[in-house]
Every structure is written in C-alpha cells, then in structure tokens.
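Student: I have a structure to go through, and I would like to know what lies behind the terms used for it. Can we take them one by one?

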Amino acid sequence: MDLTLKIWRQKNRADKGGFKEYKIGGISADMSFLEMLDVLNEDLSEKGEDPVHFDHDCREGICGMCSLHINGKPHGPQQTTTCQLHMRSFKDGDTISIEPWRASAFPILKDLVVDRSAFDRIIQAGGYVSVNTGGVPDANEIPIPKVMADEAFDAATCIGCGACVAACKNASAMLFTSAKISQLAMLPQGQVERKDRAEKMVAQMDAEGFGACTNTGACSAECPKGISLTNIARMNREYFSAVVSSNNV
Amino acid sequence: MSWVTKTLNSTLGRKLVMALTGLFLILFLTGHVSGNLLLFKGDGGRAFNEYAKFMTTNPAILILSYLTYISILGHVVYSILLTSYNKKARPINYAVNRPETNSSWSSRNMGILGTIILVFLVVHLQGFWAKMHWGDIPYVTYDGQEYKDLYSVVVFAFRQEWLVALYVIAMGFLAFHLSHGFASAFQTLGLNHRKYSPAIEMIGKIYAIGVPIIFASMPVYLYFTSLK
Ligand code: HEM
Ligand code: SF4
Ligand code: FES
C-alpha cells in the first residue's frame with residue numbers, strides 16, 4: 001500500500017520541532033508498524049537524510065520500549081504495543097500522523113524518542129522488596145492464595161511503556177505507579193516496605209511532574225496490557241492509610 | 001512541611017479533598033432537592049416557608065450550612081489547583097488526538113462543567129439565598145407567627161422565561177458533572193470493589209439524571225402554574 005506519513009521531527013530537546021510529510025510506497029499489510037518505519041528510514045538513509053528516530057527493543061510486545069502516538073492514540077488504533085501493531089490496521093492511501101508521547105515528565109530527546117527515566121526513578125523510590133541474598137528459596141515456601149497471586153501478577157504485567165501517561169489528558173502516571181505499588185502490596189514479600197513504598201512512590205511520581213488523576217479511564221482503555229483502574233483505587237487506599245499510620249512525620 | 005500539608009499538596013491529597021467535598025455537596029443536593037419538593041405542595045407556600053425558616057434558624061442546620069460553604073469553597077479552590085497543575089503536566093497537546101475513543105466527554109470536561117455550575121450558583125445564591133438572609137422580603141403570618149415569604153419570591157422569579165431557561169440548562173450541566181463525579185469520588189477514595197462498584201456506578205447514573213430533572217422541574221412547574 002501507499003501511505004502518507006506526517007511525522008514529528010525534532011533535532012534535540014531544545015529544538016521546537018514540527019511535522020514533516022513523507023510519502024511511502026510498497027508497504028505490505030503483514031508488516032508491523034515499526035517495520036514500515038524501517039522501510040521509511042532505509043529510504044531516508046539512501047537519500048542521505050537523517051532517519052526518523054523512534055524507540056524499540058524486543059519487538060515482541062514485552063519490553064515496553066516502543067511508543068508513538070499514532071492517529072491520535074497511543075500505540076495506534078489497536079490496544080497493543082506499536083511493535084505488535086500491523087499495517088493491516090490501515091488502508092491504502094491513508095494519512096498517518098505520528099507524534100511522540102506528550103508529557104512534561106517525558107521530555108523529547110529526538111524526533112519520536114522521549115526520555116521515560118521518570119518511571120525508573122519512581123521504581124527506585126520504592127518499587128522493590130528487600131531480601132537477603134543467598135541460596136535460591138524453595139518454590140512455594142511462602143504460601144500465597146492463588147487469587148492474590150493472580151491479581152498481583154496482573155498488575156505486574158505492566159511493561160512500563162508509558163501509554164497511560166500519553167493517553168491521559170493530565171499526563172498522569174497513576175496507572176503505572178498503582179500497578180507497581182499493587183504488585184508488591186498484595187504479596188507477603190511486599191509487606192515490610194508497604195507503607196514507605198506507597199508514600200515514596202507517590203511522592204516521586206509528583207516530583208517528576210506527572211498530573212493528577214481525573215478517573216477518565218483513558219489510561220486503562222489504551223494500556224496494551226489492560227492494567228485495571230482497580231489498581232489506582234488500591235494505590236489511593238495504600239497511600240491514604242500509609243500517610244495516617246506510618247511513622248513519617 | 002508537616003505530613004498533613006505534604007499530603008494535602010500531593011496529587012492524591014488534592015483529589016481526596018475534591019472527592020470528600022464533592023460527596024458532601026452530593027449529600028447537600030439530596031437534602032436540598034427533597035426539601036424543595038414542598039414547592040409542589042400547592043398550599044400557597046406555607047409548608048415551604050416553614051421549611052425555609054427551619055433551615056435558616058435551626059442550630060444543627062447551621063453547622064451543616066457552614067460545612068456546605070466550606071465544601072463549595074474547598075471544591076472550587078482545589079479544582080483550580082488541580083486543573084492548573086494538570087495543564088502543566090501536558091504543556092504541548094497532540095496535533096491529532098482522539099480521546100473520545102477512550103473516555104467520556106464529561107470526565108474530560110469536569111473543569112468546564114464545574115465553572116458553568118459555579119456561574120449558576122452565583123446567580124442562584126444571589127437570587128434566593130442572599131435575599132432570604134439579608135434581602136427585602138415580604139412577610140406572611142401563619143397561626144400568629146411571622147414567616148419570611150420566600151415562596152412568593154421564588155414564584156415571582158420563575159415568571160421570567162429566561163430564568164427558567166437558565167435553571168433548566170444549568171441542571172443539564174450539573175447532570176453531566178455528576179454523571180462522572182459520583183462514581184469518580186468513590187474511586188478516588190479507594191472504594192472500589194467488584195461487589196459494590198457496579199452498584200455505585202448505577203446509582204451514580206440514576207442520581208445524575210434524576211436529581212437535576214427534579215430540580216429543573218421546579219421552575220418549569222412554577223412557570224406554568226403562574227400562567228393560569
Ligand atoms: C453542587 C455542585 C457540585 C457537586 C455536587 C460536585 C461534585 C463533584 C464530584 C463528586 C466530583 C468527583 C471527585 C473525584 O473525582 O474524586 C467532582 C469533580 C470535580 N468538580 Fe465538582 N461538584 C460541584 C460543583 C463544582 C464546581 C462549582 C466546580 C468548579 C468551579 C467543580 C469542579 C470540579 C472539577 C474540576 C472536578 C474534577 C477534578 C479532577 O480533576 O479530578 N465542581 N465534583
Ligand atoms: S500501565 Fe499499561 S500503559 Fe501504563 S506503563 Fe504499564 S503497560 Fe504501559
Ligand atoms: S519493542 Fe518491546 S514492547 Fe514494543
């Protein structure tokens with residue numbers, strides 16, 4: 001198929017940036033969206049132009065590295081990662097707009113690449129459990145009810161892609177942060193730092209400049225892993241009960 | 001900063017204030033709409049005027065009314081804080097954006113809806129509440145006791161088509177605000193449960209449609225009865 005691409009180009013953080021239009025032909029419906037961009041970049045390289053920079057890594061939908069706001073939606077028209085989006089979702093002759101995630105906490109580094117290290121700092125603030133290193137513990141040493149294990153696992157499937165932030169009108173990171181708080185709050189291993197974790201991760205999330213939650217539900221609707229809003233409610237419970245009962249004055 | 005101010009300045013703390021004040025205002029609306037049903041009684045306004053006197057003189061009601069003023073103020077101040085904070089988190093908008101595919105219009109426009117409600121509130125309070133408290137108001141006597149005749153003020157006001165229209169339209173906006181706000185407040189408080197949340201959402205929708213309709217029917221009813 002033949003397509004027109006309107007792509008956000010920006011030299012560096014300081015550059016103002018703007019849209020540039022590209023025509024591209026010979027795209028197969030079986031290609032992934034990123035492969036389509038690879039074709040474009042090969043064209044550009046051959047012409048001696050600067051290729052379009054975008055993030056990607058596994059291309060299997062598991063690492064969370066790919067991003068892109070495609071035709072007005074994070075990761076495009078399907079509820080999946082951009083690497084798992086295929087060109088069969090588009091028609092011959094389509095015009096596709098491609099923008100970077102927009103959030104002051106995710107500054108643009110170049111073109112479509114944004115700096116998502118704010119997520120790493122939220123994790124560093126409390127998204128861990130302290131365990132003694134040593135021999136590998138036996139499986140099932142700590143009994144965990146299956147329903148709890150499943151719910152914690154559902155939260156843990158968050159791949160940290162940032163689509164929730166990209167989709168939210170407030171660029172809020174509540175879905176991400178709540179998933180990371182939840183996955184540990186529900187497990188016995190997570191109890192030691194439970195209160196500290198809720199307070200510190202929320203504080204870091206605020207310090208990074210992510211917005212607040214209006215409960216629009218856009219995050220969950222666009223999340224490639226379908227992380228549920230119940231995690232945000234749980235985070236609120238964890239946080240409110242932590243601030244009233246913890247020893248941090 | 002103490003832990004209290006730190007919490008109230010956090011995104012979650014600010015939302016907590018929005019949810020608590022919003023829920024209190026919902027409680028207030030419930031009482032307000034129930035009491036005002038007396039306007040339909042067709043007794044020349046006696047029951048309504050007695051109720052109005054009770055509401056402005058009873059000491060227990062006084063505490064509730066101060067809580068209501070604080071809630072309105074807190075809700076408005078925090079909505080400004082939150083909305084401007086949220087705007088800063090996304091200074092540059094998308095050139096192409098399709099939020100209608102992932103969220104409801106009301107949920108994305110709570111600030112606009114709230115501002116319209118606030119404008120309405122100013123008109124509404126100035127017209128009735130301020131009049132009742134400090135304004136020139138005729139008196140009636142029931143069983144030898146004097147009452148401010150708020151009823152006739154209300155009846156007189158709603159002879160004006162534009163005011164009736166304003167009230168009906170404002171209630172439409174209130175309905176949209178509540179259609180998102182009701183359930184949203186529970187989610188903010190962390191009250192989310194697979195057993196109860198569907199019921200909360202259902203009650204929220206019924207409340208958001210029902211209460212504004214009853215409110216709006218009052219000026220409409222009084223307007224049409226004044227034509228006779
Ligand atoms: C009787 C009047 C009102 C009632 C019953 C009411 C109720 C509510 C409720 C229950 C919420 C949900 C809180 C949450 O998500 O946790 C809410 C949100 C909100 N209200 Fe109101 N409200 C009223 C008037 C106003 C006014 C006058 C304004 C502003 C000028 C306003 C602005 C907002 C805003 C901006 C939000 C969303 C806050 C956010 O981003 O999460 N509301 N309201
Ligand atoms: S919650 Fe979903 S959208 Fe947000 S970072 Fe995790 S996987 Fe991505
Ligand atoms: S590149 Fe890893 S999830 Fe898309």
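Tutor: Start with ligand 2: helix H4 (163–167) and helix H5 (174–185) of chain A each supply at least two residues of the shell around ligand 2. Keep in mind that this is a predicted model.

Student: Which residues come nearest to ligand 2?

Tutor: Among the 13 residues around ligand 2, the nearest are A:Cys158, A:Cys161, A:Gly162, A:Cys164 and A:Cys223.

Student: What makes a residue in the shell around ligand 2 nonpolar, polar or charged?

Tutor: The residue type decides: Cys counts as nonpolar, and Gly as polar. By class, this shell has 11 nonpolar, two polar and no charged residues.

Student: How many residues surround ligand 1, and which are the closest?

Tutor: Ligand 1 is surrounded by 24 residues, and B:Lys15, B:His75, B:His177, B:Ser184 and B:Thr188 are the closest. Ligand 1 lies between chains A and B. Its shell divides into 11 nonpolar, 12 polar and one charged.

Student: Which elements give two or more residues to the shell around ligand 1?

Tutor: They are helix H2 (11–36), helix H4 (59–89), helix H6 (110–134) and helix H8 (161–188) of chain B. H2(B) gives the largest share, seven residues.

Student: How do you know that B:His75 and B:His177 coordinate the iron atom of ligand 1?

Tutor: A donor must be an N, O or S atom within 2.8 Å of the metal. The NE2 atoms of B:His75 and B:His177 are at 2.0 Å from the iron atom, so both count as donors. The pair links distant parts of the chain, with B:His75 in helix H4 and B:His177 in helix H8 of chain B, 102 residues apart.

Student: Why are strand E1 (residues 139–142) and strand E2 (residues 145–148) of chain B called a pair?

Tutor: Pairing takes at least two bridges. These two strands have four bridges, so they pair, and they do so in the antiparallel sense. B:Tyr142 stands opposite B:Gln145 in E2(B). E1(B) and E2(B) form a hairpin with two residues between them, and B:Asp143 in the turn has a positive phi of about 50°.

Student: What makes strand E2 (18–24) and strand E4 (73–74) of chain A edge strands?

Tutor: The open sheet of five strands in chain A has the order E2-E1-E5-E3-E4, with mixed pairing. E2 and E4 each pair on one side only, and they are the edge strands. E2(A) is joined to strand E1 (residues 3–9) of chain A by seven bridges, and the two run antiparallel. A:Ile7 stands opposite A:Lys20 in E2(A).

Methods:
Residues numbered from 1 in each chain as written. Chains lettered and ligands numbered in written order. Predicted model: local features only at pLDDT ≥ 70, side-chain atom pairs only at ≥ 80, totals over all residues. Heavy atoms only, no water. Near = heavy atom within 4 Å. Donors = N, O, S within 2.8 Å, 3.2 Å for Na, K, Ca; no water.
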